[in-house]
Amino acid sequence: MQLSANLSSRLDSLTLAILALGTLGVVVGFFMAMSSPPDQSQGYVARIFHMHVPTAWMAYLASFAALFYSVAYLVRRRAHFDRVAAATVEVGLIFMALALLSGMLWAKPTWGVYWDWEPRLTTTAILFAIYVGYVVVRGAIEDPELRAKAAAGVAILGSINVPISYMSVKWWRSLHQTQSIDLTTGKIMVDASILVPMLVNLAALTLLFVGLVRFRSIIAAREAAREEV
Amino acid sequence: MQRILWLAWRDLVLEFRGRTGLFSVVFFLVVMLFVLALAFGPAPQELRKAAPGVLWVALAFAGSLLAGRAFGLEVEDSTLDDLLLLPGSREWIYFGKLLFQLVLLLGVGLVLLVLAGGLFHLPLQPWGWYVLVLLLGSLGYAAITTFYAAMLARLRGREVLLPLLVFPLVIPVVLAAMRFTQSLAEGVPVGEVLDWLRLLLVFDAIYVTAAAMLFPHVLEG
């Protein structure tokens, strides 16, 4: 037990390499995005997409990872899984906030409003609220075992809720009102000059995500080891 | 099965003997409806339009206020450990508390429905459908609040934490139940809006099952 705690709390060179590569990738991706040609209908505003789409994907990836590790914790009861689940949620929250923010900055010049109660936006906001709850619950419980169990419960119930609320919000909007704003999101994905920087950013952010989760888990493992002593 | 009924019955008896909790919740909701009715103005049309939303949001508040009741007494009298010590699996504790919550919420919901009929001019004519949607909606609320109340029973800040955790999760219930109620109030034929009831049913089934399965894992001990 003590040995495994020591092993998982060591900052290994793989984590550092992933973090460094990810950071480099984000810088490269940023320059590629900034030098991409303006979109025909949206102009330079479309550059926000190079940032927005990858962060949103990472946010969803984080929620899947959190579900996976929470279930793994409840089945196997290894503290390591709990720490990784918590790390994915915390890092995922940052990406989710970035995705929401960049989306709002894009929406204002394009749709004319910062926020629209469209299914995707609404469910993302709900997911954000669920994970804020997750972090708050973790902060409120001191007993490590109870904290891990409660957090896993929140994460699992929360991620079951996302598809359900996606459907309900979708029906909620589509049964009655016609959509007042046309969503032109599908149009942008065609051109290679836009696709390439987006993919570079996606790869860079994936690396950053993995690196940050590993880093955060290592910190959590060290904290846990210190609490034990 | 018998255990579930006994647990729910015992909690209900204790709740009604204690009185203060339930009555203060009902009174809070009455005041809330009154203030909201004042805020929406005197026009009956406006009030009727707002009624379903007010009704279901009020019930959501009631749900999170009453959620603490389910395990509050167990913690105060430190009988939670006794319950956990009983042989057999622990799902029945969840179902017993769920039944208790459901009965409380249904009672509060019926009071609210009658009040909304009076204060907000909500036509309560096809009352069977109203009761059905109230039942399914309350079950959805209760399934979630019972689970979280058990998990947070021994924490100090649970009064604040509970709504924070519960409200994002009950959004589908609020949306579906509200839309169905609204259609009833507008006189839309029930056959056209049955999808909302189906969504509620699916939600209830998924959440009761998931919460019952997670419950033994999450509860202390």
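Guide: One definition to begin with. A crossing is right-handed if the near helix is turned clockwise from the far one by less than a right angle, and left-handed if anticlockwise. The model is predicted.

Visitor: In which hand does α3(B) pass α6(B)?
Guide: The helices concerned are α3 of chain B, residues 44-76, and α6 of chain B, residues 127-151. By the clockwise rule, the crossing of α3(B) with α6(B) is right-handed.

Visitor: How is α3(B) oriented to α6(B)?
Guide: Their axes lie 9 Å apart, at an angle of about 40°. Roughly parallel needs an angle under 35 degrees, and roughly perpendicular runs from 65 to 115. α3(B) is therefore, relative to α6(B), oblique.

Visitor: How many charged residues are in the contact of α3(B) with α6(B)?
Guide: On α3(B) the contact includes B:Trp56, B:Gly63 and B:Phe71. On α6(B) it includes B:Gly137, B:Tyr141 and B:Thr145. The contact divides into 10 nonpolar residues and 6 polar ones, and the number of charged residues is none.

Visitor: How are α3(B) and α5(B) oriented to each other?
Guide: Helix α5 of chain B covers residues 91-119. It packs with α3(B) at about 150°, the axes being 9 Å apart. Angles over 145 degrees count as roughly antiparallel. α3(B) and α5(B) are therefore roughly antiparallel.

Visitor: How many charged residues are in the contact of α3(B) with α5(B)?
Guide: Among the residues that meet are B:Arg69 and B:Glu74 in α3(B) and B:Lys97 in α5(B). Lys, Arg and Glu count as charged. Beside 18 nonpolar and 3 polar residues, the contact has a charged count of 3.

Visitor: Which residues of chain A lose the most area to chain B?
Guide: The contact takes 29 residues from chain A and 27 from chain B. The two chains bury about 2700 Å² between them, 79% of it on carbon and sulfur atoms. Three residues together give 26% of what the chain A side buries: A:Leu157, A:Ile164 and A:Trp172.

Visitor: How many salt bridges cross the interface of chain A and chain B?
Guide: Over all chains, the structure holds 7 salt bridges. Across the interface of chain A and chain B, the number found is 0.

Visitor: What separates A:Lys149 and A:Glu145 along their helix?
Guide: Their side chains meet in a salt bridge, at 3.8 Å from N to O. That is within the 4 Å cut-off. Both residues sit in helix α6 of chain A, residues 144-175. Because they are 4 residues apart there, the separation is about one helical turn.

Technical notes:
Residues numbered from 1 in each chain as written. Chains lettered and ligands numbered in written order. Predicted model: local features only at pLDDT ≥ 70, side-chain atom pairs only at ≥ 80, totals over all residues. Heavy atoms only, no water. Axes fitted to C-alpha atoms, helices over the stretch in contact; angles between N-to-C directions. Helix = DSSP H or I, 4+ residues; strand = E, 2+ residues; numbered from the N terminus. Contact = heavy atoms within 4.5 Å. Buried area = accessible area lost by both parts, 1.4 Å probe.
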